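Thanks for making the time this morning.

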Amino acid sequence: MPPFEQNYWLTTVEMPRPPAEPLPAAVDVAVIGAGFTGLSAARALARRGAKVAVLEAHTVGWGASSRNGGMVLTGLKLGVNKLITMYGRERTERMYAASLASIDCVERIVREEKIDCDFVRCGHLEVACKQKHFAGFARQAEVIAREFNHELRIVPRNELQDEIGSAIYYGGMVDEVSAALNPARYVAGLATAAMNAGAQIFEKTRVVDLARAARQGTPGWQVTTARGPLWARDIFVGTSGYTTKATFGLQKKIIPIGSYIIATEILSEAQARELSPRNRMIYDSKNYIHYYRLTPDRRMLFGGRAAFFPETENSVRRSAEILRREMIEVYPQLRDAKIEYVWGGTLDFAFDIMPHAGQMDGIYFALGYAGHGVAMATYQGAKMAELIAGEEPDNPFVDIPFPGTPLGLYKGKPWFLPLAGAWYKFLDWVG
Ligand SMILES: Cc1cc2nc3c(=O)[nH]c(=O)nc-3n(C[C@H](O)[C@H](O)[C@H](O)COP(=O)(O)OP(=O)(O)OC[C@H]3O[C@@H](n4cnc5c(N)ncnc54)[C@H](O)[C@@H]3O)c2cc1C
């Protein structure tokens with residue numbers, strides 16, 4: 001086991017260090033959070049001529065954006081049948097189209113900004129942990145082809161060895177449109193792109209309070225930060241699973257959930273090819289999900305919700321052991337592979353497991369990506385920038401109902417997570 005927590009992706013990049021300048025007195029837009037959401041918005045706003053300050057409590061990409069699996073995925077966390085029940089066919093079609101457009105959005109930014117982040121359209125593979133999950137794949141693929149004109153390929157069990165070197169699954173479903181990237185390099189590139197467009201990024205600048213305040217007759221916000229005050233005409237919040245009480249209205253609608261990843265030593269070419277012959281982004285069909293992929297330098301990167309709570313030194317250490325055991329269940333071939341890295345990060349789940357964007361109490365926001373945020377966060381940042389700039393973008397996630405806890409009991413401290421974890425494990429056992 002690795003002696004301490006280390007995020008493998010961060011060993012592959014030098015993060016940009018924005019100059020530690022004094023805060024400006026006033027900006028058009030204060031963006032809270034320097035991850036995919038905030039930086040994508042900052043880039044798009046600055047390109048439209050807005051004066052933008054990105055305020056980040058830690059450093060560029062410190063949150064989930066540098067810690068994730070780098071899977072640039074089509075679709076949403078919820079299946080399309082459920083979405084149609086919740087939102088009707090027309091809005092679901094727009095949501096599905098947005099999920100496809102979000103991959104194009106990442107690809108376009110990577111190309112335009114020449115971000116060296118190993119972006120590749122390698123496709124994703126979802127594997128079925130039970131026979132009935134596999135039957136569900138076929139039903140989903142049929143609806144998606146018929147209603148949304150998008151092809152998913154069903155892979156029966158006896159053909160699965162062309163896709164994955166594991167014998168434990170009942171079949172799979174491939175979407176060739178999904179992609180892979182190195183998230184730390186991508187978020188570093190987004191930060192540089194935002195700064196090149198004219199946005200300023202302020203690290204170690206935690207926002208602690210927001211209060212409505214007019215300036216020279218213009219309505220706006222007095223922003224109190226750990227490094228002093230500034231005024232902003234508009235606020236855009238991109239704080240995902242790390243949302244704090246500075247935006248309490250959002251905090252109490254988001255459940256922060258820990259997710260953890262291990263990475264092995266570098267594998268031989270033959271072994272890497274055996275584990276993932278087509279180099280797909282892979283995840284399974286459970287609630288207590290596993291997701292895994294090869295890194296560009298041929299490590300197996302294996303992630304899951306090994307503990308439900310957001311990351312601490314203790315949960316990271318325990319997760320390393322749990323994930324190694326689970327990885328060997330999938331790939332017994334990796335029994336002797338050394339684990340060289342382990343780290344954790346925090347995901348943002350809304351109570352309806354949907355992304356949400358729009359305005360709350362006059363503040364713009366986008367969050368709730370539920371583990372599908374690499375593409376969607378980038379996309380929502382860009383779309384929300386258009387909205388803030390006074391354009392009229394189509395964004396099917398704006399203004400959908402945004403539920404809180406049924407009884408309003410949750411005040412932002414997720415006391416129920418152990419129960420949720422046990423519940424998901426139970427559902428996987430019976431489901
Ligand atoms: C382990 C892990 C694996 C994942 N794997 C995938 C994957 O393979 N594919 C996928 O699509 N998604 C994945 N995700 C989800 C994805 O990483 C996130 O959805 C995405 O990075 C969210 O980006 P963001 O910019 O909204 O938030 P973040 O990157 O989390 O950034 C939020 C930032 O806000 C800052 N902040 C918070 N409060 C304040 C404040 N008051 N003042 C100033 N700054 C503040 C934080 O310091 C943080 O840097 C994964 C997530 C984790 C944790």
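I will take the open sheet first, then one of its strands, then a helix and the nonpolar cores.

Please keep in mind that this is a predicted model, in which local features need pLDDT of at least 70 and side-chain atom pairs count only at pLDDT 80 or more, while totals for chains, interfaces and linings use all residues. Residues are numbered from 1 along each chain as its sequence is written, and side-chain values use heavy atoms, with hydrogens and water left out.

The sheet has eight strands in the order β5-β6-β4-β13-β14-β15-β12-β16, with mixed pairing; strands here are DSSP E runs of at least two residues, helices are H or I runs of at least four, both numbered from the N terminus, and two strands pair if DSSP finds at least two bridges between them. Because β5 (153-156) and β16 (339-350) each have a single partner strand, they stand at the edges, and one side of each is left without a neighbour in the sheet.

Let me stay with β14, residues 290-294. Five of its five residues are buried, so the strand is largely enclosed by the rest of the structure, where buried means under 20% relative accessible area, exposed over 50% and partly exposed in between, with a 1.4 Å probe and protein chains only. His290, Tyr292 and Leu294 point one way, and Tyr291 and Arg293 the other. On one flank, β13 (residues 281-284) pairs with β14 in the antiparallel sense over two bridges, Ile282 being the bridge partner of Tyr292. With β15, β14 runs antiparallel over five bridges, Tyr291 standing opposite Gly303, and in the five-residue turn of that hairpin Arg298 has a positive phi of about 70 degrees.

Now to helix α4, residues 183-196. How many of its 14 residues are buried? The count is 10, so α4 is largely enclosed by the rest of the structure, and its cover includes α1 (36-47), α2 (80-112), β8 (200-202) and α8 (373-388). At its start, a side-chain oxygen of Asn182 comes to within 3.1 Å of the backbone nitrogen of Ala184, and just after the helix Gly198 takes a positive phi of about 115 degrees.

Tyr186, buried in α4, is also among the residues that touch the most other members of the largest nonpolar core, which has 74 residues; such a core is a set of buried Ala, Val, Leu, Ile, Met, Phe, Trp, Tyr and Cys residues joined through side-chain atoms within 4.5 Å. Apart from it lies another core, of 28 residues, including Leu294.

Conventions
Contact means heavy atoms within 4.5 Å. Axes are lines fitted to C-alpha atoms, for helices over the stretch in contact, and angles run from 0 to 180 degrees between N-to-C directions. The expected span of a helix is 1.5 Å times one less than its number of residues. A polar contact is a pair of N or O atoms within 3.5 Å; within protein, one must be able to donate a hydrogen and the other to accept it, and residues adjacent in sequence count only if both atoms are side-chain atoms.
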